[in-house]
Amino acid sequence: MVSCYNKPSVPEPLPEGPVANADIEQLKTMCSKRTTTFTPATPLAIRGTVISCDKEGYINGAIYIDDGSATAKLLVGIYDSNSIYPEGAQISITMPGLSAKIDNHQLVIGLKSENSEELYPIKSIVILDKHITCKNSLNKIEPQQYKIPELSTDICGKLITINDLSYVYTCYEEGYQGKYLRFCSSDEDFVYIYIDNYAAGFTTIPPVQPTNISGILTYTAVPFDDNHCFVILPRRSSDIW
């Protein structure tokens, strides 16, 4: 079954939105690998800055936000979410009616399946408008500089930059929906980047060696690697230079 929807129009955001009464780190401590559904009896609201972008098709189906304490991954199922929740915008999320869990060390927010612990993206503009308020002003986003040995699961979801990397090889996701590129440092520490097949403006091998990479840090399973690994999600083609 294929569902269709019209591209949503940009809403008129409220000046401030609901007052945040918890930071993302506090919300994260309330959750586990099992899904937690929030009710009106727990009227939590968080606020953070959008640090991701789906404009070029590199990060799809999710919005990453950071409030300084931690990050959250909000699952959304709308086309061109960047036109409504642009990178650098401050958004508020009211949690009652939404669910959250910890997945690969990342706080994930979405809608709970009735029959499982799975979370699903919010595809309804009505539901998004009910839970999310976006301010008009945009903040400048600067990635934090790291070296590979400094990476840890505590910073999953953060926007980072790693410089002076060398391309090693590419492996493909099952079903060939995307690809993982392995890079290593001069000390032979390694990290991957993930490139979705819908990503625009990306060549098979980075044209510049050594390569600098910016993007959202994740920790996940990688094809042909026995362990979970750190994987960077670039936001756009210019994040690989």
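Which strand supplies the largest share of the lining of the largest pocket, and how many residues is that? I looked it up: E14, with four residues.

**Ground rules**

I am working on a predicted model, where local features need pLDDT of at least 70, side-chain atom pairs count only at pLDDT 80 or more, and totals for chains, interfaces and linings use all residues. I number residues from 1 along each chain as its sequence is written, and side-chain values use heavy atoms, with hydrogens and water left out.

**Confidence and overall make-up**

I checked pLDDT, the predictor's confidence in each residue from 0 to 100. The chain average is 89, and 90% of the residues score at least 70. Residues 1-15 fall below 50, and this stretch has 19 contacts in the model beyond near neighbours in sequence. I note that where pLDDT is low, the predicted coordinates should not be read in detail.

I found two helices and 15 strands in the chain. These are DSSP runs, numbered from the N terminus: helices (H or I) have at least four residues, strands (E) at least two. Of the 241 residues, 48% count as buried. Buried means under 20% relative accessible area, exposed means over 50%, and partly exposed is in between (1.4 Å probe, protein chains only).

I looked at contacts too, meaning heavy atoms within 4.5 Å. Among those between residues at least 6 apart in sequence, 64% join residues at least 24 apart.

**Pockets**

I used the grid search for open space. It runs on a 1 Å grid over the protein atoms alone; a pocket is an open set of points with protein on both sides within 12 Å along at least five of seven lines, a cavity is a set where a 1.4 Å probe fits but cannot get out, and lining residues have an atom within 4 Å of a point. Points are joined across faces, edges and corners, and a volume is the space filled by probe spheres set on them.

The largest pocket has a volume of about 1,300 Å³. Of its 42 lining residues, Asn60, Gly61, Ala62, Lys73 and Tyr194 are the closest to its centre. Strands that each supply at least two lining residues include E3 (62-66), E4 (71-75), E13 (190-196) and E14 (211-221). By class I read 21 nonpolar, 11 polar and 10 charged residues. Here Ala, Val, Leu, Ile, Met, Phe, Trp, Tyr, Cys and Pro count as nonpolar, Asp, Glu, Lys and Arg as charged, and the others, Gly among them, as polar.

The second largest pocket holds about 220 Å³ of space. Its 13 lining residues include Lys147, Ile162, Asn163, Asp164 and Ser185, the closest to its centre. Strand E11 (residues 159-172) gives the most, four residues. The classes are five nonpolar, four polar and four charged.

How many cavities of 30 Å³ or more does the whole structure have? I found one. The largest cavity has a volume of about 40 Å³. Its lining is Val50, Ser52, Cys53, Asp54, Ala62, Ile63, Ser81, Asn82 and Tyr85.

I followed Ser52 from that list. Ser52 sits in the loop between strand E2 (45-50) and E3. It counts as buried because its relative accessibility is 4%. A polar atom of its side chain lies 2.9 Å from the backbone nitrogen of Tyr64. Setting aside residues up to four places away in sequence, Ser52 touches Ile59, Ala62, Ile63, Tyr64, Glu87 and Arg235.

Ile24 lies in helix H1 (residues 24-29). Its relative accessibility is 0%, so I log Ile24 as buried. Its C-alpha is 7.8 Å from that of Asp66, 42 residues apart along the chain. Beyond four places in sequence, its contacts include Ile46, Asp66, Ala70 and Leu107.

Ser113 lies in the loop between strand E7 (106-112) and strand E8 (119-120). Ser113 is buried, at 14%. Beyond four places in sequence, Ser113 is in contact with Glu118 and Tyr120.

Is Phe224 buried or exposed? I have Phe224 as exposed, because its relative accessible area is 74%. Its phi is near 70°, a positive value in a residue other than glycine. Phe224 is in the loop between E14 and E15.

Asp80 has phi near 55°, also positive and not glycine. Asp80 is in the loop between E4 and strand E5 (89-94). Asp80 is buried, at 18% relative accessible area.

Methods:
A polar contact is a pair of N or O atoms within 3.5 Å; within protein, one must be able to donate a hydrogen and the other to accept it, and residues adjacent in sequence count only if both atoms are side-chain atoms.
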